[in-house]
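This briefing covers selected elements and residues of one protein model. Please consult the sequence and structure shown here while reading.

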Amino acid sequence: MTPSAVQTILIVDDEIQNRELFENLLRLQGYGTLTAANGEEALKAIAEHSPDLILLDIMMPGIDGYELAVVLKADSVTSNIPIIMVSAHIDCKARLGALNAGAEEFLSKPVDPTELWLRVRNLLRLKTFSELQKQAHARLQERTAQLEASNQELQAFAYSVSHDLRTPLSSIAGFSNLLQREIDKNSGTERAMHYLSRINTGARQMSASIDALLLLTQVSRTDICPQRVDLSAMAQVVLDGYLEREPDRLVRIDIEPDLLVQGDPNLLGQLLDNLLGNAWKFSSQQAQVHVIFSSATHADGKTVYAIKDNGSGFDMAYSDKLFAPFERLHSVSEFPGTGIGLATVHRIVARHGGKVWAESAPGCGATFYFTLGV
Ligand SMILES: Nc1ncnc2c1ncn2[C@@H]1O[C@H](COP(=O)(O)OP(=O)(O)OP(=O)(O)O)[C@@H](O)[C@H]1O
Ligand SMILES: [Mg+2]
């Protein structure tokens, strides 16, 4: 930054000749100047004009330069004003005293004008830079707070919408059941039965979507309670549940033992349930299912977990849609589902500071990878 008259330097020195000399030198470079003949006057000038830099004599009657520097650096309002200490005897002790009091620079009298200009210029540049940084940080904090607030509002909105939809939906389901009975009793037409079954299917789908949406919003709303979690044991329990429900399926399961992580057991349970549930569902058309849950340590030291299946797979051209709510790459008639599972997985992984991604090809199975930052 080029020196500008807007930047004001306070010269504190008990000798009038010194004050005049510094004033003339600094004005030559376009700086504005203020002067004070002692510590008390300096404090007053600082409070009134908040200068950009202080040129401070060490030896003064009353409050000396060291004391003044200590006072200024201890006050959050003045601590960012750079101080150059000036003295006739800048020996080692005086230098240490100046640094210890918090001064950024020191100069010995008689002062070399070029050195003075360069030191003043550099310190003012640093000050400007740190002020810009502070402003950027404040703006960032403000923006983050705004985003957090609107995110919370959105979540509350999604929650109340899905919650409020339940009541009219259960009345549709309840009354269509009653209507079904009426039609059965009065032997209604086939067309009437068909329409009614369409209404029932629609209501069931909507109810499943609402439940899934509620689950998704809960993932963001609940507090994380990190604990030691055995993912291997958890995965085994999830898959045992699937096997119990469909005992006739030929399934080979390979789970790497002792996959121990720090995380929220409840959320990690949902994560495995969704990923293993997908592996199970999208391989249902295979004669022999093979699901593998394993881990690998990458070059950056991060552990990457992988859940691999030999199911229908998907086209990677659409992989950017995978983790968005209600996006599906297969039709409901082929594989049932609401399309909220991977959106839930994405949020759970993000809440643990990790990432999730997938690799697949149609007909070649799919592998879902994830990391956990905690
Ligand atoms: N293991 C997989 N193999 C093939 N396709 C997959 C696999 N996992 C996810 N997909 C594709 O990604 C889509 C989104 O998955 P997601 O889990 O969000 O939804 P879903 O399983 O269809 O429904 P939900 O999980 O809500 O019951 C799926 O519909 C499917 O097209
Ligand atoms: Mg799913």
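A residue counts as buried under 20% relative accessible area, as exposed over 50% and as partly exposed in between (1.4 Å probe, protein chains only). The model is predicted, so local features need pLDDT of at least 70 and side-chain atom pairs count only at pLDDT 80 or more, while totals for chains, interfaces and linings use all residues. Residues are numbered from 1 along each chain as its sequence is written, and side-chain values use heavy atoms, with hydrogens and water left out.

**Individual residues**
- Ser283 is buried, at 0% relative accessibility, and lies in the loop between helix H8 (265-281) and strand S9 (288-297); helices (H or I, at least four residues) and strands (E, at least two) are DSSP runs, numbered from the N terminus.
- Leaving aside residues up to four places away in sequence, Ser283 touches Arg249, Val289, Asn310 and Gly311 (contact: heavy atoms within 4.5 Å).
- Arg245 belongs to helix H7 (residues 231-245) and is exposed, with a relative accessible area of 63%.

**Strands S6 and S8**
- Strand S6 (residues 227-230) and S8 run antiparallel and are joined by four bridges; pairing requires at least two DSSP bridges.
- Asp230 stands opposite Leu260 in S8.

**Helices H7 and H8**
- Residues of H7, including Leu231 and Met234, meet residues of H8, including Pro265 and Leu268.
- The residues of this contact of H7 with H8 divide into twelve nonpolar, two polar and one charged (Ala, Val, Leu, Ile, Met, Phe, Trp, Tyr, Cys and Pro count as nonpolar, Asp, Glu, Lys and Arg as charged, and the others, Gly among them, as polar).

Notes
Chains are lettered from A and ligands numbered from 1 in the order in which they are written.
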